[in-house]
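Subject: Two-chain model for you to look at

Hello,

Here is the model I promised. Please open it first, then read my notes below.

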Amino acid sequence: AMEDVCAKFVSQKISKTRWRPLPAAALQPPDLFATGSWDNEDNRISIWSVGDLGNGGLNGEYQGEPQLLCDIGHNGDVMDMQFLDQERIVVASSTGTVTVFRHHQNNQTLSASLRWEKAHYHVDQDMSCGGAACTGVICNNPEVVTVGEDGRINLFRADQKDAVRTIDNADSSTLHAVTFLRTTEILTVNSIGQLKIWDLRQQRNEPSQIFSLAGDRVPLHCVDRHPNQQHIVATGGQDGVLSIWDIRQGTMPVSLLNAHEAEMWEVHFHPSNPDHLFTCSEDGSLWHWDTSTDISDKPSFLHQGGRNTTYFSHSTINQSVVSAWLSNDPTKDRMEITNLIPNQTLSVNSLDILGPCLVYGTDAEAIHVNRQLFA
Amino acid sequence: AAVPSQVVPGADPSARQLCFAWGPAEVLVCETLFGRRGGSPSRGEGGPGRALLPGALMGCVAGTGEGGPSSSRLFVVRKDQDIYIQTLRKLFNESHGIFIGLQRSEEELAGKSRKAQLVQVSKNYRSVIRACMEDMHQAAISARDPALHGQYSTQVSILSAMELIWNLCEILFVEAAAAGPLLLRLLDWVRLHVCDVDNMVREVLSSENPSKHELFWNVVDVFVLQGRMDEARHLLSKEASANPASVNMYRILDDLMKKMPVPSLGNTQTLTEMELKWQHWHEECQRYLQDGTFASNSHMESICKILLGDEDAILEKKELMTTWYHFLVTRLLYSHPTVKPMELRMDLFLGGESSPEPLDMILMAAFEFEMHQVIKECSIALSNWWFVAHLTDLLDHCKLLQSHNLYFGSNMREFLLLEYASGLFSHHSLWQLGVDYFDHCPEYGRVYLELHIERIPLNTEQKALKVLRICEQRQMHEQVRSICKIMAMKALRNNRLGSALSWSIRAKDAAFATLISDRFLKDYCERGCFSDLDLIDNLGPSMLLSDRLTFLGKYREFHRLYGEKRFAEAAKLLLMLMTAHIAPCSFWMTLLTDALPLLEQKEVIFSAEQTYELMRCLEDLTAGKPEKQKFQDDDVETMKVEMLRLALARNLARVIVKEGTLEGS
């Protein structure tokens with residue numbers, strides 16, 4: 001249903017888009033999202049509304065267009081961004097600083113409420129210290145974990161000025177992304193094709209497990225964990241390949257799925273409907289991966305949007321798992337893949353999905369919102 | 001600041017001379033005394049920078065360094081000023097998508113469908129201009145600062161002029177409307193762009209009793225002049241009902257206006273049919289005018305004269321038309337509605353009287369079908385390359401620009417696209433758009449891209465990856481190597497050996513991989529342990545990139561085997577590193593020292609043959625050194641050699657016993 005996608009040109013290249021999380025037990029779809037920009041002389045964090053606020057109902061078709069609620073300058077490229085709660089956003093900067101911004105909803109303003117200066121840094125040969133890009137951030141209120149080009153892992157608490165824990169030189173290559181596996185464990189991916197599990201309870205500065213791509217060590221850029229089955233992990237690589245890992249066994253991915261022609265920048269399981277997965281890439285495409293069990297029984301929207309629909313048989317090594325992502329039952333083992341962007345040009349840097357709503361941002365300086373993904 | 005400058009000698013015959021330096025934001029031009037002896041600097045009067053530059057370059061003074069005695073002025077010269085206007089970024093981005101779509105579009109589509117496709121592309125470009133104009137207009141309204149407001153308003157009028165020109169070019173060149181439809185299109189064009197009277201129309205129509213409004217007849221005239229007959233008749237009917245006395249007169253005029261033949265857009269009537277009908281209608285109007293039907297009402301009489309195409313009557317309404325091209329179209333509507341494209345130029349000379357503005361020149365050139373002149377005038381008048389680049393590209397796709405060879409560069413389309421894309425590349429953020437434009441310049445695009453892409457500042461690895469992807473997709477090996485090298489150097493400076501190595505592996509830069517491997521080995525020798533084990537243990541096939549890297553990987557493997565107490569395998573590998581000449585000679589002593597604990601193990605590890613080989617390695621190493629150096633070496637070294645010799649001899653003794661025993665049993 002591409003007709004439901006609404007685009008807005010915002011005069012800045014968008015590096016991150018994130019829906020504001022919904023309060024527990026909320027039934028309505030999300031109505032607010034945040035964006036961050038990169039490569040500008042003055043980069044910004046912006047809050048947008050896609051609700052029916054302030055539209056006066058005069059212009060019917062205008063309703064879907066995102067409206068800017070407020071924005072604030074940000075020092076450096078926005079490298080990553082996560083909502084900590086309904087009001088606070090944690091932003092990773094290319095300068096190495098990590099900032100917590102607060103969105104004041106009563107007067108629609110943004111302010112920086114806490115800043116960890118140079119959370120990531122290099123010490124060069126002259127022993128002078130310069131910021132290193134913070135490439136990833138993940139929140140589990142009140143905990144915040146950041147990773148960076150310096151190979152460092154920081155654990156912060158949103159109410160403390162100093163880091164709770166820092167693992168210097170955790171990785172000798174660049175850490176590209178981080179996510180929580182369980183409350184005390186995190187997953188990181190790096191630029192030599194490794195997926196690592198770190199147990200933050202252990203004082204050892206070593207990963208508890210290392211998984212690795214075979215052959216060429218293609219850098220991994222993004223990682224997400226299945227929301228219900230925590231042993232299933234998806235990562236995206238520089239070659240655009242989607243890897244599915246079963247972290248209970250083996251050290252290599254369970255399956256490798258070809259999709260994008262360039263770097264996969266983000267991968268997200270649908271938080272409440274994890275048979276669906278979304279990926280976006282430098283090649284300007286955004287793919288919807290659907291493993292809902294039966295081909296004859298798939299949701300109707302796939303028929304409408306299926307311009308580039310292909311069926312895919314994936315090569316699984318593992319046979320003992322029931323999940324659709326890991327199974328290799330030949331009758332069921334089909335995956336439907338749909339490209340949601342027909343005329344792709346520049347990179348889709350970020351996407352976020354919540355309920356029936358998809359938001360993504362591009363290097364063509366546009367944000368796109370689809371509020372009826374499952375209509 | 002230290003300016004790595006190019007001096008332009010003799011650029012200024014007085015004391016100063018010019019220098020320039022390239023930067024991401026175009027050219028920095030300043031006055032310098034560099035390389036001159038004596039000659040005291042005199043304070044500058046006016047900037048000599050401008051005169052030096054080709055006409056199309058826009059100069060802007062960035063700062064005046066009056067402080068230093070040697071320089072009086074600094075100029076930052078930009079190629080394309082409009083690139084830096086924030087609101088126009090929407091124009092650049094959206095039109096980029098349309099441009100790409102046009103390049104990808106099916107050339108095979110023939111005739112009508114191809115033309116329809118091109119007209120649609122043209123309309124898409126225009127709608128982007130209009131959307132941008134709308135934004136700029138909103139920005140102007142909400143701007144509190146009067147200077148800012150002025151800036152926005154100027155931009156609105158520039159965008160409006162761009163759309164006006166584009167629309168005319170669309171009618172005349174892209175669509176190439178034929179006689180009949182041509183006039184209808186021109187009328188639409190006038191209605192769309194002559195907005196000065198819209199307020200008046202709105203005011204009258206919304207008044208309580210429009211026919212009593214003092215501007216009532218003006219509005220009727222506006223409608224007639226723009227050929228909006230239905231609206232004019234609607235207004236007139238109100239006036240008629242208020243004047244029962246002259247109801248007949250109104251009825252006749254209404255009838256004439258209703259019957260006016262209009263050229264059809266489809267194929268429903270031929271041109272001859274239309275001309276016949278027109279002749280007939282024209283004669284009818286003439287009759288009513290001559291028999292004085294409208295004599296009692298000057299307003300209606302003048303309308304009748306307009307319907308007859310009376311030039312003086314039309315000219316009387318000059319203020320209602322505001323522009324000469326409105327006049328031109330109105331006059332054609334009532335005197336020559338089936339005008340052919342080529343007849344337009346004949347009608348032009350009746351137009352302007354005062355000296356024409358650039359916009360007039362451009363429109364006149366268009367009416368005269370002087371496409372190259374239009375493009376040339378636009379290049380001079382507008383402060384951006386966006387307009388001419390995209391318009392020329394579209395006209396080129398319409399096959400309208402015969403390979404008009406320039407005495408420089410390739411052809412005009414490519415020349416203008418190159419200029420525009422170079423401007424994009426001077427922008428800190430829009431450079432990404434420029435890549436696709438260069439891709440569609442067959443002659444010089446590649447060279448331009450190569451030169452520009454190397455100037456993109458790489459402040460994060462992610463940005464470097466994006467630039468790298470652009471280069472890799474286009475097999476720009478030289479640039480790939482250079483970007484990876486820059487990133488590897490940066491990582492090395494930051495003591496990130498692991499990152500440095502992965503960058504050089506990506507570039508397949510063997511020399512650099514060797515350099516980094518040496519750093520790893522040096523660190524090992526100093527600290528006695530390896531850093532970045534996670535990387536070295538996972539080199540995989542990339543280990544083969546350089547000999548030194550292979551050695552590093554294998555040497556680390558030796559340590560792992562040793563750590564896992566797999567001594568036989570470790571010993572074999574260690575020996576192989578030397579005998580197969582994988583290890584650099586400088587490292588042999590370290591390797592032999594590593595063999596010591598293996599020689600000292602309780603059980604015998606090295607076979608007799610292996611022990612002989614180790615001995616030969618040691619002798620090769622010591623024999624290779626000149627006598628003088630030997631003595632200079634410190635005692636530790638000599639002691640090491642002695643210890644090794646002893647250990648080897650003891651091992652040989654043990655192994656002969658052991659092997660002998662084995663043989664004997």
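What share of the residues of chain A count as buried? Of its 375 residues, 60% do, where buried means under 20% relative accessible area, exposed over 50% and partly exposed in between (1.4 Å probe, protein chains only).

Some ground rules. This is a predicted model, in which local features need pLDDT of at least 70, side-chain atom pairs count only at pLDDT 80 or more, and totals for chains, interfaces and linings use all residues. Residues are numbered from 1 along each chain as its sequence is written, chains are lettered from A and ligands numbered from 1 in the order in which they are written, and side-chain values use heavy atoms, with hydrogens and water left out.

Chain A
Chain A has one helix and 31 strands. Helices (H or I, at least four residues) and strands (E, at least two) are DSSP runs, numbered from the N terminus. Take contacts (heavy atoms within 4.5 Å) in chain A between residues at least 6 apart in sequence: 51% join residues at least 24 apart.

Salt bridges
The rule is a side-chain nitrogen of Lys or Arg within 4 Å of a carboxyl oxygen of Asp or Glu. Over all chains it gives 52 salt bridges. One of them pairs A:Arg18 with A:Asp80, with the closest N and O atoms 3.5 Å apart. A:Arg18 is in strand S2 (residues 14–19) and A:Asp80 in strand S6 (residues 78–83) of chain A, so the pair ties together parts 62 residues apart in sequence. Both residues are buried. A network of salt bridges links A:Lys16, A:Arg18, A:Asp80 and A:Glu266.

The interface
Here 40 residues of chain B are in contact with 49 residues of chain A. The two chains bury about 3,700 Å² between them, 43% of it on carbon and sulfur atoms. That buried area is the accessible area (1.4 Å probe) that two parts lose on being put together, summed over both. In chain B, B:Lys466, B:Arg469 and B:Arg496 lose the most area to chain A, together 18% of what that side buries.

Five salt bridges cross between the chains. In one, B:Arg469 meets A:Glu263 (2.9 Å, N to O). In another, B:Arg89 and A:Glu365 have their closest N and O atoms 2.5 Å apart. B:Arg89 lies in helix H2 of chain B and A:Glu365 in the loop between strands S30 (357–362) and S31 (366–370) of chain A, so this pair joins two chains. Both B:Arg89 and A:Glu365 are buried.

Inside chain B
In helix H11 (residues 298–307) of chain B, the buried residues are B:Met300, B:Ser302, B:Ile303, B:Cys304, B:Ile306 and B:Leu307. Helices H7 (216–225) and H8 (229–242) of chain B are among the elements they pack against. H7(B) is mostly covered, with nine of its 10 residues buried. Just after H7(B), B:Gly227 takes a positive phi of about 70°. Just after H11(B), B:Gly309 takes one of about 75°.

Best wishes
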